[in-house]
Amino acid sequence: MLFSSLIFLVYFLPITVIVYYSIPTKRLDLRNIWLLLASLVFYSWGEPVYVFLMIYSALFNYFMAGQIAREKEMGGSGKRNMLFTLVMNLLILGFFKYWGFLMETINAVLGLHLQYTALPLPIGISFYTFQGLSYIFDVYRGKVEVQKNPLKVALYLALFPQLIAGPIVNYKDIEKQLDERTCNMDRFGEGAVRFCIGLGKKVILANNLGALFAEICLLPDSRMSLVTAWIGILGYTFQIYFDFSGYSDMAIGLGKMFGFDFKENFNYPYISKSISDFWRRWHISLSSWFRDYVYIPLGGNRCSVPRHILNLLIVWSLTGLWHGANWNFVAWGTYFGILLILEKYLIGKYIEKLPEWAKHVYTMLIVIISWVFFSITDTAQMFHYLAMMFGLGGVSLANMTTVYYLRTSIVLLIAATAGSTPKPAEFIRKLCDSHEKLGITFIMAVFVMALAYLVFGSYNPFLYFRF
Amino acid sequence: MNETKNPMTEEMNNIKKSRDPKGLGFFLLKILFIAVLAGFLFVVYKGAEAEDVDLAEIDAALKADTEFTAVLKDQSDRDLMQFIGLNAADYEQVLYYRNTQALAVDEVLVVKAKEGTSVDGVETAVRKRIESQITAYSGYAPEQVKMLKNAAVKKVGNYVIYCTADKADKYKEVVLDAIQ
């Protein structure tokens, strides 16, 4: 089930909210059970079989965390059990997500024709596997108490607001909220507003921007031009931001509606002034996960320069691979790894001296190019698109198709540019504070408009089917 | 004085032993977890087994074993986007035929997802297409609505099959025969 689907908005969410708030505040245990049941229904909507995997993962991590904690209490290190749990979790993720990729690579490299079946990916498996591992690692390191109640571990992993597109919630951030959290009308209202804004970002902006990019990708070379190629990739640049940050807004908003506080996942990444700055603002929960559980254990930056460079390359290749089982994602991650190394050791000091606008142009240029690697999985097509963007594909600078796309999408692109800065959010906040009724009317209008798009529009892509 | 063995104490010792992380009980629990996972993965893998078939072969099988080309026309990637809301570039291969006559709802869609990707989005898009078609035809075209309500949607491995037609199940079977 997707947040941006009518079944979720019209049936699932209202029923879940009504039953949740019908349970007395004091019975948080019952509220948790209800949320867990709702989350399992939410998860099983598309593929009922994989709900078993979710339950298995919860039980397995619950038992293993218990054993690691017990072993530590008895004077042991718990390392072997931690490694066993890590291997099992990665085995599950690898089997579903990377088996086909591995076999395809083996066949290609060795010239073999081994038969295999690439399984459909259980939705959100990368998110809940990483959440499970964060719990295990934190228990192993003694940063959190082991959870005695298996239902709470299951709720932590399966909680539907952040299940399919994040943010990745670390157990230490939610541990206390499983036992005690505040649910009141103020927080519910705040969450509902955040949810509506996220829905608007996804349905009104991201879907239309995605349709623009998809349309341009389908154009024959004879109708393409350099400027059209840039319009297309700008469409995707904004699509992925509004789609992903919209989903995060919806997740954070839904969390608040049920009394949870999730950390922010995006902080206006497109106003960044360097690549390092961009990655402090983009998909923050994933960057933090890799920093805490891979980069720092590898030695981080407290080591020799060659080792630090190796650490960065490992982390960024893995970050790329996390986004999808394909070499283009590895290339995308490594591209950022190399740029971060260059910023750190070579060009960072020069970038610092640039005027603010130049820093911004530099960052956006690199980010926009990266989305070509990310969005087009076929290597030949990817390089062909890049060539067109830089006038190397034998295409004209602009043509009538360019004029058509400029005329039809300029408003959307301007709205997207404005929306990726903090100004509109500040405006909405001020509006809600100073003119409450006007603010509510505005939010309601966004919600109704998003619903109308969902009812009458046909293009509603789900970008996270690879995650 | 010889101590007699207290059965309760012995049982408690056994329980304590079984809760010992290095003990046999825990070892067996780990084996159980591995066995359950292996069993599940085997069942899922066998259930998802679908041959890696080029959609051109399925196209040929449909043309040979059914009469669908008489009414259905091959649709472009743009049509796929317009009517189903799917971007063909996101998938390995797509086969999409539709009856383009006014008031016709017949269509056949076969999507082969890229390896390592989920087909859930395809199924969601197909279900939405059926719902929107039912909404559009409700009230004045009962035959079409009936046909839409009997539409065949099937997910097998990395394929999704969708047919709205008089003989929707026949089309589905032809595709299934080709990939399984």
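This is a predicted model: local features need pLDDT of at least 70, side-chain atom pairs count only at pLDDT 80 or more; totals for chains, interfaces and linings use all residues.
Chain A is divided into two parts, with domain 1 covering residues 6-181 and domain 2 covering residues 187-462. The C-alpha centres of domain 1 of chain A and domain 2 of chain A are 26 Å apart, and the contact between these domains involves 25 residues of domain 1 of chain A and 23 residues of domain 2 of chain A. On the side of domain 1 of chain A that touches domain 2 of chain A, the elements giving two or more residues are α1 (6-22), α4 (79-110), α5 (125-140) and α7 (171-179) of chain A. Of these, α5(A) gives the most, with 5 residues. By residue class, this side of domain 1 of chain A comprises 16 nonpolar, 6 polar and 3 charged residues.

The contact between the two chains brings together 34 residues of chain B and 41 residues of chain A. On the side of chain B that touches chain A, at least two residues each are supplied by α2 (24-48), α4 (77-84) and α5 (120-137) of chain B, and α2(B) gives the most, with 11 residues. The residues on this side of chain B divide into 16 nonpolar, 10 polar and 8 charged.

Chain B itself contains 7 helices and 5 strands, which follow one another from the N terminus in the order α-α-α-β-α-β-β-α-α-β-β-α. Of the 180 residues in chain B, 37% are buried. When the contacts in chain B with a separation of 6 or more are considered, 53% of them are between residues 24 or more positions apart.

Within chain B, strand β4 (residues 152-156) of chain B runs antiparallel to strand β5 (residues 159-164) of chain B, and the two strands are joined by 5 bridges. In this pairing, A152(B) stands opposite C163(B) in β5(B). The hairpin of β4(B) and β5(B) has 2 residues between the strands, and G157(B) in this hairpin takes a positive phi near 55 degrees.

Terms used
Residues are numbered from 1 along each chain as its sequence is written. Chains are lettered from A and ligands numbered from 1 in the order in which they are written. Domain bounds come from an automatic or database domain assignment. Two residues are in contact if their C-beta atoms, placed from the backbone, lie within 7 Å. Helices (H or I, at least four residues) and strands (E, at least two) are DSSP runs, numbered from the N terminus. Ala, Val, Leu, Ile, Met, Phe, Trp, Tyr, Cys and Pro count as nonpolar, Asp, Glu, Lys and Arg as charged, and the others, Gly among them, as polar. Two strands pair if DSSP finds at least two bridges between them. A residue is buried if 20 or more other C-beta atoms lie within 10 Å of its own, exposed if 12 or fewer, and partly exposed in between; C-beta atoms are placed from the backbone.
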